[in-house]
Amino acid sequence: MKKKHFSWGQFFLYLALSGFALICLLPMVLVVIASFSTDASVYEKGFSFFPTGWTLDGYRYIAGFADQIVWGYGVTLFETIAGSVWTIFLCSMFGYALSRRDFQLRSALTVFLLITMLIRGGGLSEFVIKSNVYHLRNNLLVLILPGVSAYTCLVMRTFIRENVPESLIESAKIDGAGDFYIYGRVVLPLIKPVLAALGFMEAIGHWNQWQTSFLYMSEPKLATLQQILMKIEKSMDYLKNNMQMSAEMTKMWSQMPSTATRMAILVVVTGPIIIVYPYFQKYFIKGITIGAVKG
């Protein structure tokens, strides 16, 4: 068996990539360390990899909202999973339809998608329609509807056009297969990389979403994780801005680990994404670059 030759060029390339990866990783490591650092250490040395004091007070403060956070995780997981699957399902079907050259409305629908990327109807009209017409206040469906992304549809269209042979679809039609059968049994198995890549991007968008929950959810058990953590931080800001009102508030704020709590909130929010990301990373290069080379 021929032995692989390792060149100096590869060595410096790996060294440069390792250095870049380390630079990207260090800020998150700093956040984790800061979440365990005392406020006195942060005030004295700033954000440091070697703080002078360690504490769990930030996580203890968040633990006081444990019940709300558990409910928030549940709602956010529902939105992330259901919303991502729903969006990818709709956009992959839409992309398949746009990739068919014999589909007469293909050009018109493509232009319509491009218009929606440039012009928005406005947040007020959307709020009125969802609240008064569809009655989606305090309804989990508002977190995942409508679920169509113009960008995702166009990338799906390009990927299907470039990676699903036309002859394969024609052969299936000759055998009597309909469009839904071709989509489910022929197209979907061939576009798994772009499904995973775009699905993960949609999942990140849903995981970080807070505005929809803030506008439409008034019941505490229907709030997303992001909204709950924002409330925790706002409660800290309220105490800080109004601590002159009473000695009790001043004492409470002085004992509150503000910096550690904020960093702990970041860890709670970004931790699951960091854990899941490596499982989807391999799909990004193949899924995104191939699907976006040609328009």
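**Stop one: arginine 100**

Start by selecting arginine 100 and glutamate 166: the two form a salt bridge, with their closest N and O atoms 3.0 Å apart. Now zoom out and trace the chain between them, because this pair links distant parts of it, 66 residues apart. Arginine 100 sits in the loop between α4 (66–99) and α5 (106–118), while glutamate 166 belongs to helix α8 (residues 166–174). Keep in mind that you're looking at a predicted model.

Is arginine 100 buried or exposed? Arginine 100 has 5% relative accessibility, so it counts as buried. Glutamate 166, on the other hand, comes in at 36% and counts as partly exposed.

**Stop two: helix α6**

Now jump to helix α6 (residues 123–133) and pick out glutamate 126 and lysine 130, both of which lie in this helix. They are 4 residues apart, about one turn of the helix. Their side chains meet in a salt bridge, at 2.9 Å from N to O. Glutamate 126 is partly exposed, with a relative accessible area of 31%, whereas lysine 130 is buried at 11%.

**Before you go**

How many salt bridges does a search of the whole structure find? It turns up 5.

Methods. Residues numbered from 1 in each chain as written. Predicted model: local features only at pLDDT ≥ 70, side-chain atom pairs only at ≥ 80, totals over all residues. Heavy atoms only, no water. Salt bridge = Lys/Arg side-chain N within 4 Å of Asp/Glu carboxyl O. Buried < 20%, exposed > 50% of the residue type's maximum accessible area, 1.4 Å probe, protein only. Helix = DSSP H or I, 4+ residues; strand = E, 2+ residues; numbered from the N terminus.
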